[in-house]
Amino acid sequence: MISQLTKTEREIALLLTILLAISGSILGLMGRGDLLGYHGALLAIAGYALTFVLIKDHFDPEPGPKRIEKYYDDPIKVGIVLAIFWVVIGTFVGDWVAWLLVFPDATFDAGWASFGRLRPVHTSGVIFGFGGNALIATSFHVVQRTTRARLADRVSPWVVIVGFNLFCLMAASGYLMGITASKEYAEPEWYADIFLTIIWVVYFVLYMRTLARREEPHIYVANWYFLAFIIVVAILHILNNLAVPVSFGHAKSYSLFSGVQDAMLQWWYGHNAVAFFLTAGFLGMLYYYLPKRAGRPIFSYRLSIISFWGIVFLYMWAGSHHLHYTALPHWVQTLGMTFSIMLLVPSWASAGNALMTLNGAWGKVRDDATLRFMMVAAVFYGLSTFEGSFMAIRPVNSLSHYTDWTVGHVHAGALGWVAMITFGAIYTLTPWLWNKERMYSNKLIEVHFWLALIGTMIYVFAMWNSGIIQGLMWRAYNENGTLAYSFIESVAAMKPYYVARAIGGFLFFLGAVVCAYNVWKTIQLPAVAAKNPDKPPLPARGSPTALSAAE
Amino acid sequence: MTFDHQTLAAIAKSYGLIYMMIVFVGSVIYACWPSNQSKFDRAAKSILREDDE
Amino acid sequence: MLKNHAKLERTAIGFAFAIMLVASIGGFIEIAPLFTISETVEDAPDMRVYTPLELAGRNIYVREGCYACHSQMVRTLQDEVERYGHYSLAVESKYDHPMLWGSKRTGPDLARLGDKYSDEWHVAHLLNPRAVSPQSVMPAYRWLLRNELKANDMPLHLRAMRKVGVPYTDAMIANATADTYGQANPDSGAADGFFERYGFDSNSRYFDGDKRKVTEMDALVAYLQILGELTDAADQTAGAANLENDAEGATQ
Ligand code: HEM
């Protein structure tokens, strides 16, 4: 991969890795009496290792002038492989956590193996490790193809991929050691947050510079979603993580806000992380790979624009539905509820748009498991947004909140929507990236599809049942007007559902392993010859071909 | 400049609504404007051209 | 208007800006009033701050992820008030950086746990929840009793808390380490003046029952025992009268 970099680019990269090694060492020294020291060491080791590789291959031949005629896909390949790595790890830990609720003593008497520390490893692993890498990789792919321009440079994509994964590693290893800020989906501590902010700015600048080089006058709508994902996540991340560290030698920090403000900010972040990370970004994926795979343009481009602004706008108001009947002022709760219900409109517009695109290609959906992944994703997107709007209604929320129903809802979205659309995109993209005719085995895609679908169904139904039973038991009264059940009775009643969930989760995890195997075998297939070797895929910059070809 | 809670809440409830209407109407007009139609059609089809992969 | 739009989406920068604007106005309008909320939050002049030992215990609660299974927020619903006690007031988490309201009740709410059980009960429960409550799915936390509490940097912790707005005095910060050990080891005399600093109804005893050392168990139990006890504000607002009407529908 280094052979794809020019001399100057190698030197810039070298400078950056040395900088990483030095800052890691400094952090490690400052935090040597604290857990912080380990993360300093982690960054330092990564920095030295990368520096070593860069120096070792420094005198490899440089790429020829042809390089600017091709899209720059190396970082995308790495991103896809990493996404698959994280989905295997993340769902494995998820299933482990699920079994811990069945066998609570399976912790080896070790802190790192207890429920409270493993759970964030699962959530961060799947959301950031799997989802994040998949989003970064596909956004690099989509932005190049839809603008017909190469990534603006060849160092910053690596900064984004490597930096982001170092962040994920710090997050996951930190929870195991007991480093956490306790804010849901924003658990990493202050230094990791600062690190991610830098990475994210590089990502944003790279994306903007690539858009600025585009040969197409109009920016294809998928990029809108990716851009909204990048920008809003930055705003959310910075505001929600404002904190004062105990010292520069301590991993621990204290959140700048307290009580109600902190809760509001946390759920404003939490819900919009769902909106812009788990929804907007993946809609970007959907708007490119689904039409591509189906071979049909998106059903209504207009509708995709209207729903875009609807989503960007409405989501920001909805966060307070996580805090119904709490100490949050009443009007904020009502506002959150109202906007959550309105959100159904752009959400269903998007889901409907995706399904209507397939209308007329149902034969393909039947035969092609990859396309079926994407169709099912659109269906689950529609279902979970409907459910979300329903759960945001205060009386419904009074029943669902704090119960497994929320968990069921989250996983209808996370497994059914986020993971399925990503698997669809991965199966579409992998043969293109590695220049293969097709995936190694279509059968295995089919197997994966059914494992994922059945696993999701078992999971979601188990959690709906347990959640509703739990909620009803908590509020049930007997004839003499006292509460009918003690809390522990409701815990005991969950047992069969926890077992079912853990089994469903295992099926889903197996599917992810099948996917990893299939991709690995695909990479090893012989490459196909380029269809048209004389014609460079990229128009020369500023040439009119792109425009005229568009007619 | 300091605002008290009442004022901020009132602004949120009134101008917030107007702002929402403007964004909504604006994006619908943009999406439905006749002369944008051909551009959108072309964009929707542009990704299907062969040489992308 | 149309022309601007066309231009807007032609210039990627303008477009990025529009996203930022549209998205942040929503957040701003909803969030801004909350930063003036202190004007509307109940008053609690008697509210005391966490002692260093309790703060250390709270940090252990965070570290172990107890919040993943336990909420600390009793909602204004009839059944919750009957099960857990008075609904939570905003002022009660005034010094909670970060708040630990939680979002999932795999275990019961803990907002009003203080003084509900004895110290011995908590220690036994944390060592093996199933010894106390056979059907529990809570993990055992035996290492808490093995690990000695690290408290030499407590002054830095209190100082950071003061920076974010918690009124720790200079004396509290200066004595933070001694107070930590002294509160869990009352016979040592380490915490001279502890009660003057933190109030005479704060607790000082051998929380984990082990007189030889101050462990993480001491800190965590000290924290659990003051949950909901930092202020009397809740006792002063009428309980059931304030419950919302929706709550009626919640009863079956
Ligand atoms: C119209 C769109 C949506 C609305 C209005 C909505 C609403 C809600 C509501 C009301 C809750 C329960 C809060 C509680 O009582 O604790 C929730 C939780 C959650 N939802 Fe959604 N949802 C939507 C879409 C999605 C999607 C598509 C995903 C995933 C891809 C998702 C992921 C989550 C997560 C991660 C939580 C967990 C919060 C927690 O830890 O308690 N949501 N959502």
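Start with a charge and a ring: A:Arg372 sits over the face of A:Phe449, 4.8 Å from the ring centre. A second case is A:Arg394, which lies over the face of A:Tyr325 at 4.3 Å from the centre of that ring. Keep in mind that this is a predicted model.

Now rings with rings. A pair of aromatic rings is described by two things, the distance of the centres and the angle of the planes. How many aromatic pairs does the structure hold over all chains? There are 49 of them. One of these is edge-to-face: A:Trp190 with A:Phe248, at 5.9 Å centre to centre and with 65 degrees between the planes. What does this pair tie together? A:Trp190 lies in helix H6 of chain A, and A:Phe248 lies in the loop between strand E1 and strand E2 of chain A, so the pair joins parts that are 58 residues apart in sequence. Are the two residues buried or exposed? A:Trp190 has a relative accessible area of 10% and is buried. A:Phe248 is at 57% and counts as exposed.

The next pair is A:Tyr381 and A:Trp417. Their ring centres are 4.7 Å apart and their planes are at 40 degrees, so this pair is tilted. It also links distant parts of the chain, with A:Tyr381 in helix H13 and A:Trp417 in helix H15 of chain A, 36 residues apart. Both A:Tyr381 and A:Trp417 are buried.

Rings can also be linked into a cluster here. Ring pairs connect A:Phe128, A:Phe140, A:Phe164, A:Phe167, A:Trp200, A:Tyr203, A:Tyr207, A:Phe229 and A:Phe277.

Which residue is the only protein donor of the iron atom of the ligand? That is A:His409, through its NE2 atom, at 2.4 Å. A:His409 is located in helix H15 of chain A, the helix that also holds A:Trp417.

Last, the contact between two chains. Chain C contributes 84 residues and chain A contributes 97 residues. The area buried between chain C and chain A is about 7,900 Å², and carbon and sulfur atoms give 65% of that area. How many salt bridges are found across this interface? Five, by the rule used. As a salt bridge to look at, take C:Arg130 with A:Asp105, where the closest N and O atoms are 2.8 Å apart.

That is the end of my part.

How values were computed
Residues are numbered from 1 along each chain as its sequence is written. Chains are lettered from A and ligands numbered from 1 in the order in which they are written. This is a predicted model: local features need pLDDT of at least 70, side-chain atom pairs count only at pLDDT 80 or more; totals for chains, interfaces and linings use all residues. Side-chain values use heavy atoms; hydrogens and water are left out. Rings of Phe, Tyr and Trp (its six-membered ring) pair if their centres lie within 6.5 Å; planes under 30 degrees apart count as stacked, over 60 as edge-to-face and the rest as tilted. Helices (H or I, at least four residues) and strands (E, at least two) are DSSP runs, numbered from the N terminus. Buried means under 20% relative accessible area, exposed over 50%, partly exposed in between (1.4 Å probe, protein chains only). A charge sits over a ring if NZ of Lys or CZ of Arg is within 6 Å of the ring centre and within 35 degrees of the ring normal. Donors are N, O and S atoms within 2.8 Å of the metal (3.2 Å for Na, K and Ca); water is not among the atoms, so sites may look incomplete. Contact means heavy atoms within 4.5 Å. Buried area is the accessible area (1.4 Å probe) that two parts lose on being put together, summed over both. A salt bridge is a side-chain nitrogen of Lys or Arg within 4 Å of a carboxyl oxygen of Asp or Glu.
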